[in-house]
Amino acid sequence: MAMNLTRRNLLKTASLAAASVPLSKVVAKAETGIAKVPLIPPGSFKKTKTVTGGVCEMCFWRCQLVGKVRDNRLIKLEGNPKSIDNGLNLCARGNSGIKLVYDPDRLKYPMKNIGKRGAPKWKKISWEEALDTCAAKLQATIDKYGPKGIGVWYHGASAHYPTAYFEYLGVPNMYEPAFYQCRGQTAMAMMQTLGFVPNEDVDMANSKAMLLVGCHLGENIHLSHVKNFLKGLENGSKLVVVDPRFSASAAKAHIWVKIKPGTDTAFLLGLMNYMLGKGCYNKSFVDKHCLGLNKLKTHVAEWSIEKTAKECDIPGKQIVEVAELLCEHAPHVAVHPGRHAAWYGNDFQRVRANACLTALLGAIDCPGGIVQIKRMSTGHVHWPKVEHEEDPEDMALAEMEEKYPFRPPGTPPELMRETMVTGKPYPIKSMVIWGTNSIKTMPNQEETMKALANMDFIMVTDVSPTDITMWADILLPEACYLERYDHIEKGTQWNQSDKPQQFVAARMPLVEPMFERKDSVWMINELARRMGHEKDIPVKNQEEFVDHMLKEADLSIAKLRKLDGIYIQEGESPYLKKGDEPEFGTDSGKIELYSEAMDDEDFPPLPTYTRTEEPPKGYARMIYGRSPVHTFNRTANNAWLSREVPENPLWLNDESAKKMGIKDGDRVSLENQAGKRSAGSTVVKVTPGIRKDCVFIAHGFGTFNPAMTVGYNKGIDDNSLNTKINREGETGISGMRINFVRIIKNGKTINIPG
Ligand SMILES: Nc1nc2c(c(=O)[nH]1)N[C@H]1C(S)=C(S)[C@@H](COP(=O)(O)OP(=O)(O)OC[C@H]3O[C@@H](n4cnc5c(=O)[nH]c(N)nc54)[C@H](O)[C@@H]3O)O[C@H]1N2
Ligand SMILES: Nc1nc2c(c(=O)[nH]1)N[C@H]1C(S)=C(S)[C@@H](COP(=O)(O)OP(=O)(O)OC[C@H]3O[C@@H](n4cnc5c(=O)[nH]c(N)nc54)[C@H](O)[C@@H]3O)O[C@H]1N2
Ligand code: SF4
Ligand SMILES: [Mo]
């Protein structure tokens with residue numbers, strides 16, 4: 001397959017197979033003149049040097065890479081040959097990092113907004129002026145309102161040091177989308193049930209069966225994880241994919257469960273009822289390690305095959321088929337815990353059901369199951385601990401947070417946003433936004449804009465002029481991940497050879513930053529100096545920051561440099577050894593099928609299904625997911641990636657399309673249940689591969705900042721249509737898949753037949 005790939009095809013098919021194709025093979029083709037698009041600047045690799053120590057951040061998976069550098073310019077990225085994680089491979093986005101480094105639209109200088117928030121006019125200013133302004137404004141907020149007058153929205157590796165500084169200042173309002181729009185429920189519900197957070201530590205490669213609920217691996221590309229999945233398929237593992245859409249994973253499935261959106265918890269309860277009724281679950285595991293089996297049995301009894309089939313709108317025999325397949329292969333079943341779970345606002349219970357099913361199969365710490373892996377221990381950089389006076393008023397937001405007892409770390413974003421708008425329980429008047437595009441990633445855009453309009457001051461640090469930057473008063477340009485030292489990456493590999501191995505890598509620059517871009521330690525230290533905290537600065541620069549973390553593992557940047565950026569040592573297999581018992585970090589030390597803690601907090605102690613709202617007549621549910629060659633909106637301006645996938649086609653059921661008079665390739669826009677219209681338009685993909693009650697678009701398109709000249713106004717911004725949210729009681733996380741759309745073609749609104 002690799003032999004016939006041009007780079008164009010590589011990017012296009014960057015879903016499943018291409019994820020494992022080293023670009024070096026493709027380059028060989030390009031050099032023989034078959035590829036039309038030149039991959040590298042004219043010339044040869046003769047005068048290039050290879051710089052090691054890169055760690056990718058085109059997404060958050062952190063593949064290890066090397067750069068080919070000629071005349072101080074990066075001309076190609078490749079997987080680090082030493083990597084035991086991604087190996088020689090990078091995905092389409094990883095390969096295209098070069099186009100981020102040299103994107104002419106990238107932020108180059110500190111800038112001041114002399115126009116309006118949301119409709120900025122930029123004036124280039126010096127770092128002196130930028131930092132003086134930020135320090136004075138943030139200090140003014142602290143003087144007037146205390147540190148609680150500041151809010152921080154952050155994401156990504158470079159935000160670690162800044163958030164540590166704002167914690168030191170006593171800022172209590174911190175929100176990270178990685179929890180609140182992503183995997184918060186997955187982490188918290190798994191913790192509550194199993195006592196550990198499996199993240200994506202699922203041994204698919206050695207499984208005999210796999211179950212993906214949602215989870216669209218192959219479009220969702222985290223490289224070594226996709227390789228792990230592909231290896232499972234190669235080894236003959238039987239795949240079940242539960243998705244209303246014929247996703248890239250569904251295309252590889254033995255059983256595709258074309259489920260009605262929002263009914264997955266019912267499906268999981270139905271599976272458990274069947275397994276418990278037939279007695280085909282893993283009895284010895286459950287007897288030894290689980291609490292509440294009888295209660296679970298009684299609780300799921302109502303989920304007969306007939307009732308489940310009706311609720312989920314799937315054939316009953318498929319439920320039996322899936323249950324028997326899973327039982328047949330237990331415990332070697334990879335029940336994927338999922339990552340993105342902020343779906344409907346009833347998701348905590350779904351993840352609990354997923355964890356209970358995993359437990360019934362005994363698919364934990366064994367080949368094919370979810371596994372508790374040990375990573376090497378490394379250090380943290382802290383600012384000194386400061387005791388802040390506890391004004392009872394300061395605790396008011398914290399008390400509101402208590403309403404969500406199973407919330408992930410940080411402040412629920414909607415609570416913070418409401419506080420920003422109302423000033424209650426206390427005013428939040430300055431915002432620090434670091435590496436997160438909240439306009440695109442926090443649901444209910446209007447509310448976000450309203451909250452931002454109410455601020456005295458907004459400081460944004462980013463690398464590109466993404467939409468959020470339009471709301472900055474002061475905009476700071478950061479050196480990107482290929483131009484700076486940064487956080488470390490570590491992992492364990494037990495799939496690729498008989499001997500498990502552990503590794504530690506640290507992000508090191510491959511080239512110098514251009515223009516006036518700076519790294520986060522420099523920026524924060526300069527800010528801290530101006531705010532009178534010079535004596536407490538914990539590290540002088542980014543190198544010291546990294547060295548400090550590495551020290552605990554007896555490593556340093558100098559040592560890593562000699563090791564081509566990656567230290568590898570013998571690791572431990574995550575599988576239980578004969579005679580060993582698994583450990584669960586719950587209060588009881590057992591897997592809690594029935595959770596006392598949830599009962600104490602007045603939430604259902606057994607996984608419970610709550611129906612989600614149905615689409616109104618004429619509308620279909622808008623579901624969303626990933627484009628394999630883009631990461632959210634952050635790659636929208638990447639010239640290579642946008643040339644391959646410039647917009648996000650709308651998946652529409654073929655029979656519905658026929659009734660609507662819509663053809664494949666027609667250009668349409670969308671209107672949601674509240675009458676909100678998408679600013680942009682896109683093409684329709686007419687397909688039998690999606691149910692009639694929903695339409696699908698990939699997230700991250702429809703950039704509205706004209707400074708992103710490549711991505712501007714391409715496709716539809718899913719988030720602009722997420723005006724309704726369902727805040728989950730357990731966690732405070734917002735469910736977003738409760739928005740419904742109909743289609744606008746040539747200015748005419750067309751109902752979608754259900
Ligand atoms: N290429 C690429 N890869 C990425 C990212 C990226 O930006 N680009 N981002 C990464 C990040 S941070 C995350 S969190 C992950 C997210 O990726 P996942 O964790 O896989 O996200 P999900 O929302 O579980 O999966 C989306 C799928 O759910 C289906 N779906 C929609 N509604 C329902 C439903 O009610 N039930 C079921 N069973 N399925 C439903 C959609 O059709 C779609 O196929 O991707 C990661 N990988
Ligand atoms: N509607 C909708 N909303 C969603 C999702 C969805 O599918 N649909 N997915 C959710 C999920 S799973 C997640 S994880 C979140 C992600 O939420 P975000 O983290 O907000 O998403 P990104 O697009 O990655 O935004 C990152 C921002 O950081 C900038 N950036 C990139 N590199 C750097 C850097 O080195 N330094 C700095 N300072 N900035 C940098 C980018 O240019 C961009 O502006 O979104 C969530 N929100
Ligand atoms: S999966 Fe792709 S984008 Fe993500 S870190 Fe790896 S190479 Fe980079
Ligand atoms: Mo995510």
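Student: What should I know about the model before I start?
Tutor: It is predicted: local features need pLDDT of at least 70, side-chain atom pairs count only at pLDDT 80 or more, and totals for chains, interfaces and linings use all residues. Residues are numbered from 1 along each chain as its sequence is written, chains are lettered from A and ligands numbered from 1 in the order in which they are written, and side-chain values use heavy atoms, with hydrogens and water left out.

Student: Ligand 2, then. Which residues come nearest?
Tutor: His 155, Thr 436, Asp 462, Thr 466 and Arg 484, out of 29 residues around ligand 2. A residue counts as near if one of its heavy atoms lies within 4 Å.

Student: Which side chain has an N or O atom 2.6 Å from an oxygen atom of ligand 2?
Tutor: That is Thr 466. For Thr 436 the distance to an oxygen atom of the ligand is 2.7 Å, and a polar side-chain atom of Arg 626 lies 2.9 Å from an oxygen atom of ligand 2. A polar contact here is a pair of N or O atoms within 3.5 Å.

Student: How much of ligand 2 does the protein bury?
Tutor: 97% of the 920 Å² that ligand 2 exposes when taken alone. Those accessible areas come from the Shrake-Rupley method with a 1.4 Å probe.

Student: Why does ligand 2 lie between domain 1 and domain 3?
Tutor: Because domain 1 (111-180 + 377-479 + 516-551) and domain 3 (620-750) both give residues to its shell. The domain bounds come from an automatic or database domain assignment.

Student: Switching to ligand 1. Which residues come nearest there?
Tutor: Asp 243, Asp 264, Tyr 344, His 630 and Arg 737, of 33 around ligand 1.

Student: And the polar atoms?
Tutor: Asp 243 has a polar side-chain atom 2.7 Å from an oxygen atom of ligand 1, and in Tyr 344 a side-chain N or O atom is 2.6 Å from an oxygen atom of that ligand. Arg 626 turns up here too, with a polar side-chain atom 3.1 Å from a nitrogen atom of ligand 1. Alone, ligand 1 exposes 920 Å², and the protein buries 99% of that.

Student: Which domains supply at least three residues each to the shell around ligand 1?
Tutor: Domain 2 (195-373 + 576-600) and domain 3 (620-750).

Student: What about ligand 3, which residues are around it?
Tutor: Among them are Cys 56, Cys 59, Cys 63 and Cys 91, along with Trp 61, Arg 62 and Arg 93.

Technical notes
A polar contact is a pair of N or O atoms within 3.5 Å; within protein, one must be able to donate a hydrogen and the other to accept it, and residues adjacent in sequence count only if both atoms are side-chain atoms.
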